[in-house]
Amino acid sequence: MSTVGASAPSVIAVTNKKTKVRYRRMENQSPDKAAVLEAHGISKQVSSPEGSLTILSDVSFRICAGESVAVVGPSGAGKSTLLALLAGLDLPTMGHVTLKGANLGELDEDGRARLRADNVGFVFQSFHLVPSLNALENVMLPLELAGAANAREVSHTIIDKVGLSERWRHYPAQLSGGEKQRVAIARAFATEPAVLFADEPTGNLDARTGANIMDLMFELNRTSSTTLILVTHNALLAERCNRILSLDAGLLVSDRAVAA
Amino acid sequence: MNAIAFALRSFGRELRSGEVMVLLAAIALAVGVLTAVGFLTDRIGKAVARQANEVLAADLRLRSQVPIPDTWRTTAEEYGLQTAETQTFPSVVFAGDLSALATIKAVSDNYPLRGAVRISDTLFGEQRVVEGVPRRGEVWADGALLARIDADVGDEIMVGGSDMLVSAVLTYRPDQSIGFASLAPSLLVNIADIPATGLIGEGSRVGYALLVAGDDAAISGFNEAIQDQLPDSVRASNREESSERAYNAADRAQRFLSLTAVISLLLSAVAVAMSARRFAHRRMDTVALMKSLGATQGFVITVAVLQLMMIGVLGVIAGSSIGFAAEEVLSWILSDIIAADLPDSGPMPVILASGSALVLLVGFALPALLQLRNTPPLRVLRHDMMPPAPSRLLVTGLSLAAVAALLYRSVGDARMLVILLGGIIVIAAALYLVGRGLVALMGRFRSGVGVAWRYGLANVARRGRSSAVQVVAFGLGLTVLLLLTIVRTDLLEGWRKTIDEDAPNHFMINIQPHELDSVAAIFDTAGVATPEFVPLVRARMSTINGESVKTRSYPDPGGSWLANREANLSWTATLSASNEIVAGEWWPADYAGPPLASIEEEAASDTGLAIGDRIVFVIAGRELEVTIASMRSINWDSFKPNFFIVLSPGALDDMPMTYISSMRLEEEQQSMLINLVRTHPSISVIDIDAILQQIRGIIEKASLAVQAVFVFTLAAGVAVLFAAVQSTIDERRFESALLRALGARKRTVFAGVMAEFAVLGIAAGLLASAGASILAAIVAVQLFELPYEFNPLLWLAGLVAGVLLVCVSGFVAARGAINASPIEVLRTA
Ligand SMILES: Nc1ncnc2c1ncn2[C@@H]1O[C@H](COP(=O)(O)OP(=O)(O)O)[C@@H](O)[C@H]1O
Ligand SMILES: [Mg+2]
């Protein structure tokens, strides 16, 4: 198993010959650090015309506050599916996810939405800005959904931070891809979420812009206490996180820490 | 966050999206047509209501064809009732050498007992309520009358043998007849002036009336007391009775108008449903995003509904402006038919129209929006995730309920509603099938045309369902517009043409036997051939074959009316050229036997009379029995004096008779009329040309008004087309881009899209031309009694109008897609 590098300070137990990785407490994490996100044996099956299809099977891990975790794997491995389950956008067919101590499976859709409003941020591959709102209003959106009082000021500050202070009045259609993603990042960090999910945030950008965007993201992540879950198939990007989860064909094939 | 704030914030931009514009337009149209029609029906309703309350200008009116005996008035006064007297008759008035037919309304001091007369001091001046009646020697004239004789307040006009001063413009009198007021505009005269005018002579047709008003008990007491004194010919009418007929007529007009509005409304509903679907679809991504960011279902649905409501409010504002404008246009068109001085309708039509807009939105847009609530948040990651489609039951249920609610307002009774709803479903299904048929028919030409047409035809066929709806929408609107154009031009013209060039254009009535010579002399002096004088005797049918006409049963209600009303009889030895015997035999010219009668064939069949039947007439208190010897058909368009019943020579000897006559007077000969009327004030001269022109004008205006309402139908059709194009615009963009990427020139792409609309336009034009031809044939034969002539121009007009209309609106709707750049292929897909 090449993905489990020799530099890994912890031991990943390989529990069966199908190289299924089981959850073990990571030794580089102090036990007193609270877990923000836990996957307890989650699986996802969908029914398709050709019968039932398993997209994710029996995945477990635990992520602590402040960690930055890369989820890697080839296209179709189930990364986005995993992300959706972790964020409560969808429910697993087996197992359960706890986010900030709450079992997502026990909440209804609105309950999960409220939990997200308070604790979760997103950055998507295709930006997903609301076309009818301008840059500033897009950033304000999650703040307002979470009921923050000073949404406008906070948003202005963070828009400055992502370098768009001149463009806040502009609508998504008037912004380039990189600029849109900056707005999306500002929006994601605006609420200072406990967990930020990013699904291939540079996938629709050219290499240079992508690199700038990632610099911005890691920069913001460093200065906040946010836990970052970054889905990417870019190995270099993954190495910039503290930890890498590798998926292949719905299986968690490795979980390793990255040397500082 | 506050859903209202969010809904408001994003609304500005949403407004720019095509489907929101279409949604807005569809609602504005619905509100516009409802407001316009609402204003109109309100106007008709108010006119009728006012008429109903005031139509008698009294609580009770006794009408007679002979002067009212004094005893009736004294009886009324015994009951403590107020009384007034009126005399009403037609007469020609003159100013300079201009003349016009007027309704002379001679009134006594207390007139009117109910309601009030309004006058103004100048033409088109501010009107005011006036107490009392014109002073002796003065008249108040309807503005239309003054216009016709080019007179003004302060001028003298000639009424019979008297010159009278026009001292005010009469703008309203309570007992003016509803509609057609312009046919013979009123002249209010002091009753004391009438004898001096010499207008009323022996045998003159004058309506005498005694008006009575007071408290209910006294009225009914008087009514009972007077009944015994009233001869059969006197009609007593109270308010309820007199208003009933007016109400019925108005009710029909209102329902017809409301139903016209319903067609536009249904089309708008289709547009609303189509664009709401797209509205929802376009918002799915945003909704999924909002949900991923923590928005609840409640929030999502509140925002969507709020925005829909905002669209609704804007639509209502735009629509009521359109409605107000349309109302102005309509009441201008109809100003001669419906009194223009009615009080404003107030906000009611707008409120009702807004309510309907709400119903429309709830019924046709809400299901699509409710579906948004269940958009899976997972859609942010997987674009193909869709909310479950709204249940068919909900969609059909809600829209049917909405249609029923909207219809209920215009029909107002449950049974009618069910019939109508059923009718609409059947007709809509039939039209839809016709639309599909036309679309399929067009498709058959596919192999024989070039690439652009093939592409267009393929598109029409592929979107068969929405193509058919569009064909029907445009087809319906065009049908009615074409039909009414035919009525206004072809049919009216055709009818006019059936009138002989030399047909008489003037009638003289009320010529006394002793005046025949002097009238002939006036014609001689003027160098005009003296017309034939036809004798006329007024009679009442009393029995038919020994049975009273009152108790007899008639094959047709018209027959009862004919038998019971006062009849005009004439006699002649020779059959008039405009008559033809269809049964029995005409009497010989020197016939001198017992009285025979010849009856007009339709009158005979309505009254159930046959040859050999015996009729007893009462003429000035004397009985006369006649036997039916023949039946005639009459060409009424000859404009010669004609009678339902003509008697044999000698039958009417010694009866009190007057003469009537008809003649053709050329423009330059008409000045002789002044002399005639001055010397023979009791003779009434009627200008047929003027009356025909006015009837024509009224028909033209009424159909113009209905056409105006159907412009809304066409506009709704355009909205449907826009909605349909909008819902396929992404697909179209991609296709154009693909075609361009494959090497098609922009022109070819353009031609392909336009071919598609042209095909729709041709189909709609065919439907409209066929529909209008069939309806026109029915109208021609049934209403105008003209043989229908096939008019190829109509088909040309239908096709051209259909193609132009659909192509132009299609181009505007789809221009964005036509201009798609080939790069888009790479971006999408
Ligand atoms: N709802 C679904 N229905 C059918 N197949 C699905 C569904 N969701 C995901 N899949 C399939 O599961 C696999 C994993 O998808 P995804 O999580 O998007 O992969 P990744 O993000 O790693 O590229 C893919 O083959 C995808 O087609
Ligand atoms: Mg993915």
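Three salt bridges cross the interface of chain A and chain B by the rule used here, a salt bridge being a side-chain nitrogen of Lys or Arg within 4 Å of a carboxyl oxygen of Asp or Glu. This is a predicted model, so local features need pLDDT of at least 70 and side-chain atom pairs count only at pLDDT 80 or more, while totals for chains, interfaces and linings use all residues. As for bookkeeping, residues are numbered from 1 along each chain as its sequence is written, chains are lettered from A and ligands numbered from 1 in the order in which they are written, and side-chain values use heavy atoms, with hydrogens and water left out.

**The interface**

Let's start where the chains meet. One salt bridge there pairs Arg9(B) with Glu144(A), and their closest N and O atoms sit 2.7 Å apart. On the side of chain A that touches chain B, the elements giving two or more residues are α1 (79-86), α2 (109-119) and α3 (135-145) of chain A. Helices here are DSSP runs of H or I with at least four residues, strands are runs of E with at least two, and both are numbered from the N terminus.

Sorted by class, that side of chain A has 16 nonpolar, three polar and nine charged residues. In this scheme Ala, Val, Leu, Ile, Met, Phe, Trp, Tyr, Cys and Pro count as nonpolar, Asp, Glu, Lys and Arg as charged, and the others, Gly among them, as polar.

In contact terms (heavy atoms within 4.5 Å), 28 residues of chain A meet 22 residues of chain B. About 2,500 Å² is buried between the two chains, and carbon and sulfur atoms give 65% of that. Within chain A, Leu89(A), Glu109(A) and Leu145(A) lose the most area to chain B, together 23% of what that side buries. Buried area is the accessible area (1.4 Å probe) that two parts lose on being put together, summed over both.

**Salt bridges inside the chains**

Over all chains, the salt-bridge count comes to 30. Here are a few pairs from within a chain:

| Pair | N to O distance |
|---|---|
| Arg167(A) and Glu179(A) | 2.8 Å |
| Glu239(A) and Arg256(A) | 2.8 Å |
| Glu14(B) and Arg283(B) | 2.3 Å |

Through shared partners, salt bridges join Glu14(B), Glu19(B), Arg278(B), Arg282(B), Arg283(B) and Asp730(B) into one network.

**A threonine in a chain B helix**

Thr479(B) has its place in helix α14 (residues 464-498) of chain B and is buried, with a relative accessible area of 9%. A polar atom of the Thr479(B) side chain lies 2.6 Å from the backbone oxygen of Gly475(B). Leaving out residues up to four places away in sequence, Thr479(B) touches Leu767(B), Ala768(B), Gly771(B), Ala772(B) and Leu775(B).

**Strands, and chain B as a whole**

In chain A, four strands form an open antiparallel sheet in the order β2-β1-β4-β5. The edge strands, each pairing on one side only, are β2 (51-64) and β5 (102-103) of chain A. Two strands pair if DSSP finds at least two bridges between them; β1 (residues 35-48) of chain A and β2(A) share 10. Ala39(A) has Phe61(A) in β2(A) as its bridge partner.

In chain B, five bridges join β1(B) to the antiparallel strand β10 (residues 207-213), with Leu62(B) partnered by Leu210(B). Strand β1 (residues 60-64) of chain B is mostly covered, four of its five residues being buried.

Chain B comes to 23 helices and 22 strands, and buried residues make up 52% of its 829 residues. Among its contacts between residues at least 6 apart in sequence, 82% join residues at least 24 apart.

Conventions: Buried means under 20% relative accessible area, exposed over 50%, partly exposed in between (1.4 Å probe, protein chains only). A polar contact is a pair of N or O atoms within 3.5 Å; within protein, one must be able to donate a hydrogen and the other to accept it, and residues adjacent in sequence count only if both atoms are side-chain atoms.
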